[in-house]
Amino acid sequence: MASKALEVVRTVYNATWGKYVFAGMYDRFLNKFEQAGLSEKRAEMLAPAHGRTLELGAGTGLNLPHYPPAVTEMVITEPYPPMVAKLARKVGELGLVQNVQLTVAPAEKVPFPDNSFDTVVAAMILCTVKDPTVVLAEIERVLKPGGQYLFLEHVRNPDPKIARKQDFIQPGWFLFGNECHCNRPTVETLQASGLKVEELKRDKIPAAAQWIEAMIIGRAVAVKPALATV
Ligand SMILES: C[S@@+](CC[C@H](N)C(=O)[O-])C[C@H]1O[C@@H](n2cnc3c(N)ncnc32)[C@H](O)[C@@H]1O
């Protein structure tokens with residue numbers, strides 16, 4: 001009975017605020033941070049991107065203007081229809097329709113073969129997906145041997161006092177932020193994954209409140225045996 005009620009609440013939430021209002025307001029929510037310097041940090045994350053590139057959970061496409069010319073082929077994915085609609089519009093506005101393939105898929109399981117991308121990008125999605133470990137394994141699967149994963153994530157604050165505030169705020173933040181977690185230990189999750197973290201810079205989301213500002217930017221590599229050539 002309780003689980004049925006919870007299911008109803010979840011369905012109503014997803015049909016209203018959780019997905020539609022959140023997607024509709026996303027660029028407006030982010031605008032203050034982007035203007036204060038988050039968009040430069042996106043460009044910094046994306047600077048090493050090259051070759052065949054996949055972006056997961058692309059949201060409304062805020063990374064799209066920052067990809068360098070070394071990216072030769074671009075595939076972007078996003079699971080939620082209201083976000084996909086905004087993403088498709090952004091691809092059109094930026095004149096990228098010929099260059100970008102848009103696929104509706106969750107990061108846990110993308111419809112691409114093993115070893116098929118030089119670069120995988122994800123910004124602020126490990127805070128929202130159900131299990132970041134599953135997503136990191138999927139990233140490793142689709143990366144070519146030596147391929148790179150570029151990330152920008154907001155994370156658990158390294159200051160334990162602020163981290164405790166994040167734990168306190170988390171239930172409300174989860175509802176406000178479309179199932180986002182402000183307190184996830186993403187650095188530790190990344191370090192425990194099969195990917196080799198080569199660069200990890202601790203940073204702050206510009207102009208963000210103390211309990212959401214801790215951010216990391218970096219690059220990890222898929223260490224796998226090189227594919228046999230015939
Ligand atoms: C905080 S937003 C970040 C959007 C965008 N990456 C950006 O940098 O602005 C989180 C995004 O993750 C997406 N998302 C949620 N669950 C996901 C999943 N299982 N797989 C992939 N993306 C997911 C949401 O729809 C949303 O677009």
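Start with helix 3 of this predicted model and select Met 83, Val 84, Lys 86, Leu 87, Lys 90 and Val 91: these residues of the helix are buried. Turn the view to look down the helix axis. The buried residues fall within an arc of 165°, so they line one face of helix 3.

Next, select Pro 81, Arg 89, Gly 92 and Glu 93. These are exposed residues, on the face of helix 3 turned away from its buried side.

Now show the whole of helix 3, residues 81-93. Its 13 residues reach 18 Å from the first C-alpha to the last, close to the 18 Å expected at 1.5 Å a residue. Past the helix, pick Gly 95, which follows helix 3 and has a positive phi, near 70°.

Move to the ligand and select its surroundings. The shell holds 18 residues, and the closest are Gly 57, Gly 59, Pro 106, Ala 107 and Ala 123. Coloured by class, the shell shows 12 nonpolar, 4 polar and 2 charged residues.

The chain has 6 helices and 7 strands, which run along the sequence as α-α-β-β-α-β-β-α-β-α-α-β-β. Along the principal axes, the C-alpha atoms fill a box of roughly 60 × 40 × 40 Å. Colour by burial, and 36% of the 230 residues count as buried.

Terms used:
Residues numbered from 1 in each chain as written. Predicted model: local features only at pLDDT ≥ 70, side-chain atom pairs only at ≥ 80, totals over all residues. Near = placed C-beta within 6 Å. Nonpolar A, V, L, I, M, F, W, Y, C, P; charged D, E, K, R; others polar. Helix = DSSP H or I, 4+ residues; strand = E, 2+ residues; numbered from the N terminus. Expected span 1.5 Å × (residues − 1). Buried ≥ 20, exposed ≤ 12 C-beta atoms within 10 Å, placed from the backbone. Arc of directions from axis to C-beta.
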